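Hello,

Here is the structure we spoke about. My notes on its aromatic rings and on chain B follow below.

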Amino acid sequence: MKILIIEDETELAQDIVNYLTNEKYLCEFAPDYQSALGKIYSHEYSCIILDLMLPGGDGLMILNELKKLNKQDGVIIVSAKNSIDEKVKGLRLGADDYLAKPFHLAELAARIESIIRRKEFDSSNIIVQHELSIDLNSKIVTVNGISINLTKKEYDLLLFFIGNKNRVLSKGALAEHLSGDFADMFDNHDFVYAHVKNLKRKLKEKKYGDYIKNIYGTGYKWEQ
Amino acid sequence: MTRLLHKPLKAFALYALIILIISVPVYVLVIDYIWISELDENNLLTLQHTKQTLESKKFSQNDIEDVNHIWGELQPGFSIFKAKDKTYFRDSIYEIVRANNFDESDSENRFRGLKSKIELNGESYFITIETNVEESDETFFAIAIVTFVFFLLMIIGFILLNNRISSRTWKPFYQTLFALKSYELSKEHGINLPTSEIVEFQLMNESLEQMVNNNVDVYRQQKLFTENASHELQTPIALIKSKIDLLIQYKNIPPEMLDIVNSINAPLSRLSRINKNLLLLAKVENQQYSGHKENNLVPLIQSTLDLFEDYIIDKKLKVSNQVQGSINVTANPYLLETLIHNLLSNAIRHTSAEGKIIIKNEGKAIYFLNSGIDNLNRKNLFERFSATTKDKVSSGLGLAIVKEIANRYNWKVNYFFTDGFHSFSLVF
């Protein structure tokens with residue numbers, strides 16, 4: 001699957017490329033408006049990460065262009081402005097998601113995963129991980145056909161882990177995923193441990209493999 | 001506060017009243033003077049005529065007594081009677097108040113009299129002529145009533161004229177006033193004022209239009225600056241954040257190194273929060289959140305509590321939400337949400353473990369109470385970076401934002417400490 005990163009900050013774009021590139025994703029990078037347009041005209045992307053402030057043009061114009069070309073590429077707006085007007089404008093022009101800078105790379109990865117899944121599976125949207133299956137429409141999680149009763153936060157965490165397999169997730173990234181924008185209002189994110197502990201326990205009770213590993217001093221990792 | 005056109009009206013009315021009040025005694029004096037001099041002249045002419053007639057008729061003494069008698073019957077104002085001595089007497093004018101023979105009901109009538117001496121048949125006689133004059137208090141009363149009626153007519157006229165002038169001449173002024181009142185800079189468009197034929201109004205409108213256009217320009221520049229500042233700062237922060245995310249992916253990092261990496265996270269999120277809050281403050285100050293709608297605070301408070309649930313449970317806080325009924329507030333929904341988030345996160349952060357938080361409302365006021373030990377310094381509590389705490393994540397701007405948003409909508413925010421509780425109140 002191909003992902004296009006339209007971002008004028010080369011360093012940041014490179015970090016995103018490094019984080020996302022694996023056996024599943026192939027990343028391309030466009031640092032300005034013109035090169036972004038060129039890539040959009042000539043290729044199809046599963047997901048486009050779009051910074052709105054670009055040298056040479058407004059990122060919103062790229063959304064317009066995609067609409068004109070009738071492209072189905074998923075778009076995540078990544079912006080430093082974090083303004084409601086901009087968010088509403090972007091979503092109205094056909095973007096699928098809006099992520100304010102600064103963000104955790106894990107959060108971006110999880111959102112890309114979610115958009116691609118939405119675009120690829122229209123009716124039956126089920127993730128299967130060995131004996132585990134997650135029905136995204138009905139939000140029912142089953143192990144070997146037996147359903148597990150998860151709280152909303154445990155469910156969100158499970159999806160977040162699966163969207164970031166084999167990557168170390170910091171406590172801060174997990175807290176931000178659960179609390180959104182408000183996580184940085186608080187200094188203590190220990191509650192994350194409780195939720196992960198409960199999730200692990202519930203999966204273990206249903207004899208599901210212990211994939212969530214503790215990483216010393218940092219956080220967790222879904223190893224598979 | 002009085003309206004512009006009511007002010008001269010009041011002054012005019014007061015001036016007219018004073019002048020008219022002064023005019024009343026002046027009128028009375030003038031009229032009295034004219035009347036009396038006319039009467040005196042009349043009395044004198046009558047006396048001269050009577051004297052000539054009496055002297056030419058050569059009346060006997062008895063005749064004169066008869067004349068006096070008949071005069072007394074026919075015209076009580078006249079009398080002739082014998083003088084006791086023959087000394088010289090100058091004609092004299094006098095004034096007397098007595099009952100009028102024709103009008104018994106009124107015992108007090110003013111008479112103007114003329115007394116003179118005449119020689120008939122070698123005898124001296126006094127002749128008196130008395131004429132009824134209107135009493136001056138009656139004159140005064142009549143003039144006062146007439147004056148008062150005219151005063152009323154004048155005031156009615158002033159009001160009518162004033163309204164006419166205000167609705168015609170001052171119309172462009174009020175149009176301009178209305179346009180200014182409903183003008184919002186944050187909408188970033190100029191102002192359209194009506195053209196006027198009156199030089200001053202036209203000049204005022206042109207100056208105002210120019211001023212507003214300048215302000216719109218300044219506002220745009222400021223907004224652009226804010227946005228640029230945001231972009232410039234958020235990008236390096238984002239970069240540091242992503243670098244740390246990449247760094248922790250490496251295997252076999254020594255634990256001591258991991259501890260250092262992790263300790264970067266706290267100041268980084270604080271930096272991020274301060275930047276975010278400074279921007280928010282700048283935006284609120286620049287009135288950039290202009291959309292208003294009616295919001296109910298009750299569900300907003302509940303959803304905020306749900307949002308912060310993890311932090312509440314983590315600190316084992318007892319939260320008692322005693323808000324009742326519905327509290328409807330007209331404001332920008334995002335700002336209102338920010339206000340409640342800041343007040344509640346503030347309460348959660350500053351309450352020690354197993355403490356208590358109470359939220360309650362009374363009328364148009366809402367209270368956020370959290371258990372604490374000491375009274376906080378009320379003076380600079382709502383100031384920026386007033387650092388009342390050693391809290392590591394505190395941006396030092398949370399309460400400043402609360403105050404700024406409250407100011408924006410003219411709400412009152414206050415702090416007091418009672419019975420072991422910090423209490424923040426918000427009055428809409």
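How many aromatic pairs does a search of the whole structure find over all chains? The count is 18. Keep in mind that this is a predicted model.

One of the pairs joins B:Phe81 and B:Phe126. Their ring centres are 5.9 Å apart, with 50 degrees between the planes, and the pair is tilted. B:Phe81 lies in strand β1 (residues 78-82) and B:Phe126 in strand β4 (residues 123-133), so the pair ties together parts of chain B that are 45 residues apart in sequence. B:Phe81 is partly exposed, at 34% relative accessibility. B:Phe126 is buried, at 14%.

- B:Lys115 has its charged end over the ring of B:Phe126, 4.7 Å from the centre.
- A:Arg167 has its charged end over the ring of A:Tyr19, 4.5 Å from the centre.

Now chain B as a whole. It has ten helices and eleven strands. Of its 428 residues, 39% are buried. Take the contacts in chain B between residues at least 6 apart in sequence: 69% of them join residues at least 24 apart. The accessible surface of chain B is about 25,500 Å², and carbon and sulfur atoms account for 58% of that.

Best wishes

Methods:
Residues are numbered from 1 along each chain as its sequence is written. Chains are lettered from A and ligands numbered from 1 in the order in which they are written. This is a predicted model: local features need pLDDT of at least 70, side-chain atom pairs count only at pLDDT 80 or more; totals for chains, interfaces and linings use all residues. Side-chain values use heavy atoms; hydrogens and water are left out. Helices (H or I, at least four residues) and strands (E, at least two) are DSSP runs, numbered from the N terminus. Buried means under 20% relative accessible area, exposed over 50%, partly exposed in between (1.4 Å probe, protein chains only). Contact means heavy atoms within 4.5 Å. Accessible areas come from the Shrake-Rupley method with a 1.4 Å probe; for residues, only the protein chains shown count as cover. Rings of Phe, Tyr and Trp (its six-membered ring) pair if their centres lie within 6.5 Å; planes under 30 degrees apart count as stacked, over 60 as edge-to-face and the rest as tilted. A charge sits over a ring if NZ of Lys or CZ of Arg is within 6 Å of the ring centre and within 35 degrees of the ring normal.
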